[in-house]
Amino acid sequence: MTTETKPLSGRIALVAGATRGAGRAIAVQLGAVGATVYVTGRTTRDRISEVGRATETIEETAELVTAAGGEGVAVPTDHLEADEVRALVERIDRERGRLDVLVNDVWGGEHLIGPSFGKKTWEIGLADGLRMLELGVKTHLVTSHAALPLLTRRPGGLVVEITDGTTAYNRDHYRENLFYDLAKNAPIRMAFGLSRELADSAGTAVSVSPGWLRSEQMLGHFGVTEENWRDATKELPDFAVSESPVYVGRAVAALAADPDRARWNGRSLDSGQLAREYGFTDADGSRPDAWGFMLAKETDPDTRVDDYR
């Protein structure tokens, strides 16, 4: 492989929250372009997190990174525990002496969403609501606080905040309940703030949102697999504009490999937008634009999904 096909050879990435879904795919795609990727999460082959899924582990993610052409390193980490995160960063420093890419993808709150969607703030269990903020906001802050001193040691580092929704969509849409709305808008603002703070080290910070993601949990919800996912459109026709996790993985890998990525600094981005910019496709060769579709459908109910794939 050449530096053209493996542009991140010799670069070190940390994907915080890489057990499954977008985080796993991002780690694998960073590996595919040559990066050494430290992958973290709470579910291992010996322990299951509160998400309650034993079918995906960080060890498996690390193996997939290595199989893709990079080097995967699994480090069990609870990103709410500052001591664990500091130990993780110290290990990266000790073993590699650098950090080039930080992806904050920690979430793991899907089990809290269903019971709370559509409810008013006071109708949601306070512990559940605050847990969403811990999982989706506090974890990102703890991780950035520990990792950024290492990332900024060299110029040109990249921070990617993964979230659900873009500035363009979230600005005029309430995301079902206040706790979830805050949890998914905060990373957008984090990226904006960090874009200013990284200026002295020529770093770049962005937020990236997948579209309607066919994560393992979403496929399980509909009782389908990645091979027959279109069967779910019988229940929910708009699911036809969904995307596999590979798509957002390729989006982040393209950003990380772009020497001119500073033009995106502070921006709210999405996988469909970056696919048009960088020319990649989803695993099936399509180029879905879920956020564009959802916005267009509001002004034109006859908007066709096929025009956004």
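These are my notebook entries on what I looked up in this predicted model.

**Ground rules**

I number residues from 1 along each chain as its sequence is written, and I use heavy atoms for side-chain values, leaving out hydrogens and water. As the model is predicted, local features need pLDDT of at least 70 and side-chain atom pairs count only at pLDDT 80 or more, while totals for chains, interfaces and linings use all residues.

**Entry 1: salt bridges**

I began with charge pairs. Side chains of opposite charge can pair when their charged atoms come close. I took a salt bridge as a side-chain nitrogen of Lys or Arg within 4 Å of a carboxyl oxygen of Asp or Glu. How many salt bridges does a search of the whole structure find? The search finds 23.

I then looked at a few of them. Arg-91 pairs with Glu-95, with 2.9 Å between the closest N and O atoms. Both sit in helix α3 (residues 82–96), four residues apart, which is a separation of about one helical turn. Arg-91 is partly exposed at 26% relative accessibility, and Glu-95 is partly exposed at 39%. My cut-offs here are under 20% relative accessible area for buried, over 50% for exposed, and partly exposed in between, with a 1.4 Å probe and protein chains only.

Next I checked Arg-42, whose side chain meets that of Glu-50 in a salt bridge (2.8 Å, N to O). Glu-50 is partly exposed, with 32% relative accessibility.

Glu-63 and Arg-45 make another salt bridge, with their closest N and O atoms 2.9 Å apart. Glu-63 belongs to helix α2 (residues 58–68) and Arg-45 to the loop between β2 (36–41) and α2, so this pair ties together parts that are 18 residues apart in sequence. Glu-63 is partly exposed at 45%, and Arg-45 is partly exposed at 49%.

**Entry 2: the buried side of α2**

Staying with α2, I asked which of its residues are buried. I noted Ile-58, Thr-61, Ala-62 and Val-65. They cover an arc of only 100° around the axis, so they are on the same side of α2; the arc is that of the directions from the helix axis to the C-beta atoms. An α-helix has 3.6 residues a turn, so residues three or four places apart point the same way. The buried residues of α2 pack against α1 (21–32), β2 and β3 (71–76), where contact means heavy atoms within 4.5 Å. After α2 comes Gly-69, with a positive phi near 120°.

**Entry 3: the loop between α6 and α7**

I moved on to the loop between α6 (167–170) and α7 (178–197), where Tyr-174 is placed. Asn-177 is in this loop too. Is Asn-177 buried or exposed? Asn-177 is buried, at 0% relative accessibility. Its side chain makes a polar contact with the side chain of Ser-116 (3.1 Å). By polar contact I mean a pair of N or O atoms within 3.5 Å; within protein, one must be able to donate a hydrogen and the other to accept it, and residues adjacent in sequence count only if both atoms are side-chain atoms. A polar atom of the Asn-177 side chain also lies 3.0 Å from the backbone nitrogen of Phe-179. Leaving aside neighbours within four places in sequence, I listed the contacts of Asn-177 as Ser-116, Phe-117, Lys-119, Ile-124 and Met-132.

Glu-176 is in the loop between α6 and α7 as well, and is partly exposed at 38%. Phi of Glu-176 is near 75°, a positive value in a residue other than glycine. Most residues other than glycine have a negative phi, and most peptide bonds are trans. I found another such positive value at Ala-202, near 55°, in the loop between α7 and β6.

**Entry 4: Leu-150**

My last stop was Leu-150 in helix α5 (residues 126–151). Leu-150 is buried, with 4% relative accessibility. Not counting residues up to four places away in sequence, Leu-150 touches Val-89, Ile-92, Asp-93, Gly-97, Arg-98 and Leu-99.

Note on methods. Helices (H or I, at least four residues) and strands (E, at least two) are DSSP runs, numbered from the N terminus.
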